[in-house]
Protein chains: 2
Amino acid sequence: MGGMAKGSGMIHPNMATMLSFIATDAAINPNVLQEALSEVVDETYNMISVDGDTSTNDMVLVLANGLAGNSPIIQKNGDYHVFKKALSALCFKLSELIVRDGEGATKFITVKVLNAPSIEDARKAARSVTTSALIKTAIFGEDANWGRVIMAVGNSGANFDPGIVDMYIESNAGKEQMMKKGMGLAFSEENARKILGQRDISLIVDMNMGPSEATAWTCDFSYDYVKINADYRS
Amino acid sequence: MGGMAKGSGMIHPNMATMLSFIATDAAINPNVLQEALSEVVDETYNMISVDGDTSTNDMVLVLANGLAGNSPIIQKNGDYHVFKKALSALCFKLSELIVRDGEGATKFITVKVLNAPSIEDARKAARSVTTSALIKTAIFGEDANWGRVIMAVGNSGANFDPGIVDMYIESNAGKEQMMKKGMGLAFSEENARKILGQRDISLIVDMNMGPSEATAWTCDFSYDYVKINADYRS
């Protein structure tokens, strides 16, 4: 299975200039293949954002020619799950590469929403954090501004109780809790700076409310993002 | 009647750090006053955006003490309409000042959507244009990128037909048509640069579809916006 994707401005996919093509030699029924792709796209391409602007022609195509010679996948059996796992791994990787290639990006930001009442609530909240200009500029500035994160979660329309939320920042340099049960903590600014000084950063919002979780990805908002999009014809 | 408003970051009001206080000496029934305020807020404060992030505590309060000695306004009579006109003019002005005071702003951008099927469609489309980072950086760069504008209209969820849309840019330096019946025109780049070189710029989208219109306001997205929001604690 192979794939490629084109980015990386006007990126906030909703299967609408993000273009991605995936090819596999697996023998698989077209309806089953489309169902696998749609499910995978919802948790990969549709959970990334570079600038919050949805392109006019996002597209993910998958082509299967059957040359692998496997017995054709026509139902959701064990083979299907193996296939879908490979498709999912590929789509996660391509989605990550689109964000890393984001215009002016200096950071790769993973937003995890844990213990949400539903997948929809978790996705709404995670996606709202990835589209906030205030959060994306704060991360560019390596500033642990947890207030902006809870603002974006509150603003998302997701069902949650701000009074019981825990929040963390994490990277290769460590982990620091910013909020506990809805209250800001007296965290170590020095440790926070170390964590945010890395290239890959996670913002973790634990709603402490239900069984569902979601992850979304974005990049920071830098001087170069403005330069690229204001001066590109000069 | 007097008023003041606090801005101007985390501004995308949805009556949630935008704070505005209005006082009047008119005698007016509280219910009638609230109704007038709610209607006016929908077309003023709720149609501005600086960074697309809705604050946790937007608020507009109006206080009326009755010292004007007018016969109390208790229904939607002629006096009510005079009062509402004054309230509307005040709220438009305060909303404009919040946007002009936007973090890093160098331009004041008015987005007009004309001949939409409904007010809701017109507002959705206008608001979507005011929150697009790609449009706000293009205007900072004085670039007549009509493609980004039609992207944001299409992306808004408003009901319209892209095949019949006309689009214009306008300022004190003149007016130029960018799209006609959904097609990009071979416009004068020189004239467009002159128009966009002004401080106050209008983007006009004519849907050619119905009786409704709406106006929304925003500022451009500049290097200083990133600086203010990334480095504000340094």
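Reply: Ask about the terms one by one.
This is a predicted model, where local features need pLDDT of at least 70 and side-chain atom pairs count only at pLDDT 80 or more, while totals for chains, interfaces and linings use all residues. Residues are numbered from 1 along each chain, chains are lettered from A, and side-chain values use heavy atoms, without hydrogens and water.

Me: Why is A:Lys107 called buried?
Reply: Buried means under 20% relative accessible area, exposed over 50%, and partly exposed in between (1.4 Å probe, protein chains only). A:Lys107 has 6%, so A:Lys107 is buried.

Me: Why is B:Ala89 called partly exposed?
Reply: The relative accessibility of B:Ala89 is 47%. That lies between 20% and 50%, so B:Ala89 counts as partly exposed.

Me: What makes A:Arg100 and A:Asp200 a salt bridge?
Reply: The term needs a side-chain nitrogen of Lys or Arg within 4 Å of a carboxyl oxygen of Asp or Glu. Here the N to O distance is 2.7 Å, so the pair is a salt bridge. A:Arg100 lies in helix 2 of chain A and A:Asp200 in strand 9 of chain A, so the pair ties together parts 100 residues apart in sequence. Helices (H or I, at least four residues) and strands (E, at least two) are DSSP runs, numbered from the N terminus.

Me: How do you know that strand 6 and strand 9 of chain A pair?
Reply: Pairing takes at least two DSSP bridges between two strands. These strands have five, in the antiparallel sense, so they pair.

Me: What makes strand 6 of chain A largely enclosed?
Reply: Five of its six residues are buried, so the rest of the structure largely encloses strand 6.
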